[in-house]
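Work through the exercises below with the model open. Try each task before reading its solution.

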Amino acid sequence: MHVPRSATVSVALRRWAPAAALATALAVCCPAGICAVPAPKDTPVDVIVSGRTSTARDVRVVRTGSEIPATFSGDKVHNTAGFAWYVSRHYALKTDYPEGRARFYLTLLEMAYPHYVELFGGEPAGIERKRMAVVYGSSKAKLQKALMSDGIVWNFDGGGITFESGYRCAYVYPSGSLKYHQRYILLHECTHLFQMCLAGTVYNTPVWFYEGVADSISHHVYDSGKRQVTFHVLDKPTTLNFLDEGLRAFAKKPTGARQIHERRGASRGQDFLLVHFFLDDPGRLQKLRIWRDELMARPKYDRQHAGKLLEELFGPWSRIDADFAAWRAPLKQTFHYAEWGWEQDADTLWSYGFATEGKLSRTDVYLIPSAKPEYDPRRMDYPCQGTSPLVGRVERGVAEPVIGCVIDFSRNPGRGRAGIGMGLVKNAKKVTGAERAGFSVDQRRDITREVLPNIVLSRMLLIDYGQP
Ligand SMILES: [Zn+2]
């Protein structure tokens, strides 16, 4: 996707869920220059973990240049021209990105580490002596170069791959243009990496589990201001959005837990939702831990054994299917990522500009101004930011609802043009096009008229701006 140089627009969405506590964040860097590889204990980490949220206070990262750190990969991962090594407490990263980006990614992984431990129930044996190896190339060509250094040929079918068979190394490149997505693929691959380093393989667990948990933990919200990340987020705006994808897949083709377990036509969003069904309920989580440990202790996956054990713990498939359907039924996605271009940082969405072929960057927001807000812990389940005083009073579920947002052009002062359009759809089963309301400064574009699949929605934000 192209990223045009243009004005940046950020929109703060007001939410009425309780705000999370603020925490300060400090960056601690190694002095400039290259250091010898320090022992893991000499690269300490201070991360506050509160539920599924981590806040980085102090993460020590050291650039070791061409000195290869001791890792779970043994001698399989080599140096590559143009790449440098960096280490934190639990990770060794080889990358050709500038130092700031390398430090950021290691800090992100250290914020994720306690959540990997929680997810898999332990730390890899030997983690006090060696680190987990990650390679992040700044482009496809650069990653290819790094893969060749290690004697690997890969077809680049996706944004990253984690190799077992002696390597135990995650290889990642930016296969999408949003920074959100670039963090996502790193977190996803490093979930596989953690499981491999802990249990030797991911393949003694079913695909829905090892891919579902990787997508669950990567489904995150990052707050750059607080250096805070919430993992396992169910309902958030930007791509990849597996709550939205999964609910659409279920609406199209009802699929039971048993079918997903047996891989009969399951989608990635359906794996994601099945994993949340198990992880998000304390009772089910305890039972899932037993199941996970039983499977991870075995050298090979046996689908029948894994299925039978699920039945022993959770009841017959008919009951698991019914419970899964009942858990899913009230679930609603707040967002639909309709067209490329919306980045997310905490409660702020910002747009890079037009998508391909001049299309508007578009995110649909399924909040109905006339509907009374009701507390639902599964909607926008990440820390809420305070509302800007510029927004003023906003209110939903009253006779004359008021919605508001801050539009921030400060990233590109004095450049570009902007407008905002708002489409309200009353009942998509009857309405064949978006009813237009609001205004647009730039009249060249119109809100796309289309049939929307959801029963009731309000499409709140469409930002339209031209090149400087
Ligand atoms: Zn994966």
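Residues are numbered from 1 along each chain as its sequence is written. This is a predicted model: local features need pLDDT of at least 70, side-chain atom pairs count only at pLDDT 80 or more, and totals for chains, interfaces and linings use all residues.

**Exercise 1. The whole chain**

Task: Find how many helices and strands the protein chain has, and what its mean pLDDT is.

Solution. 
- Step 1. Count the secondary structure: 10 helices and 19 strands. Helices (H or I, at least four residues) and strands (E, at least two) are DSSP runs, numbered from the N terminus.
- Step 2. Check the confidence. The mean pLDDT is 82, and 81% of the residues reach 70 or more. pLDDT is the predictor's confidence in each residue, from 0 to 100.
- Step 3. Over residues 1-31 the pLDDT is below 50. Residues 426-468 are also below 50.
- Step 4. Turn to burial. Of 468 residues, 44% count as buried. Buried means that 20 or more other C-beta atoms lie within 10 Å of the residue's own; exposed means 12 or fewer, and partly exposed is in between, with C-beta atoms placed from the backbone.

**Exercise 2. Strand S6 and its partners**

Task: Decide which strands pair with S6, and in which sense.

Solution. 
- Step 1. Locate S6 at residues 91-95. 5 of its 5 residues are buried, so the strand is largely enclosed by the rest of the structure.
- Step 2. Sort the side chains. Tyr91, Leu93 and Thr95 point one way, Ala92 and Lys94 the other. In a regular strand the side chains alternate between the two faces of the sheet.
- Step 3. Take S5 (residues 84-87). S5 and S6 are antiparallel over 4 bridges. Two strands pair if DSSP finds at least two bridges between them. Trp85 stands opposite Lys94. A hairpin of 3 residues joins S5 to S6.
- Step 4. Take S7 (residues 132-136). S7 runs parallel to S6, with 5 bridges. Tyr91 has Met132 as its bridge partner.
- Step 5. Follow the chain from S6 through H1 to S7: this β-α-β crossover is left-handed. The right-handed case is a path that runs clockwise from the first strand over the helix to the second, with the strands pointing away from the viewer.

**Exercise 3. The nonpolar cores**

Task: Find which residues have the most contacts inside the largest nonpolar core.

Solution. 
- Step 1. Know the term. A nonpolar core is a set of buried Ala, Val, Leu, Ile, Met, Phe, Trp, Tyr and Cys residues joined through C-beta atoms within 7 Å.
- Step 2. Read off the answer: Ala112 and Val134, in a core of 86 residues.
- Step 3. Helix H1 (residues 99-120) gives the largest share, 12 residues.
- Step 4. Trace Ala112. Beyond its neighbours within four places in sequence, Ala112 is in contact with Leu187, Cys190, Ile217 and Phe231. Contact means C-beta atoms, placed from the backbone, within 7 Å.

**Exercise 4. Glu312**

Task: Is Glu312 buried or partly exposed?

Solution. 
- Step 1. Count neighbours. Glu312 has 13 C-beta neighbours inside 10 Å, so this residue counts as partly exposed.
- Step 2. Compare with Lys287. Glu312 and Lys287 are 25 residues apart in sequence and 9.8 Å apart in space, C-alpha to C-alpha.

How values were computed:
Two residues are in contact if their C-beta atoms, placed from the backbone, lie within 7 Å.
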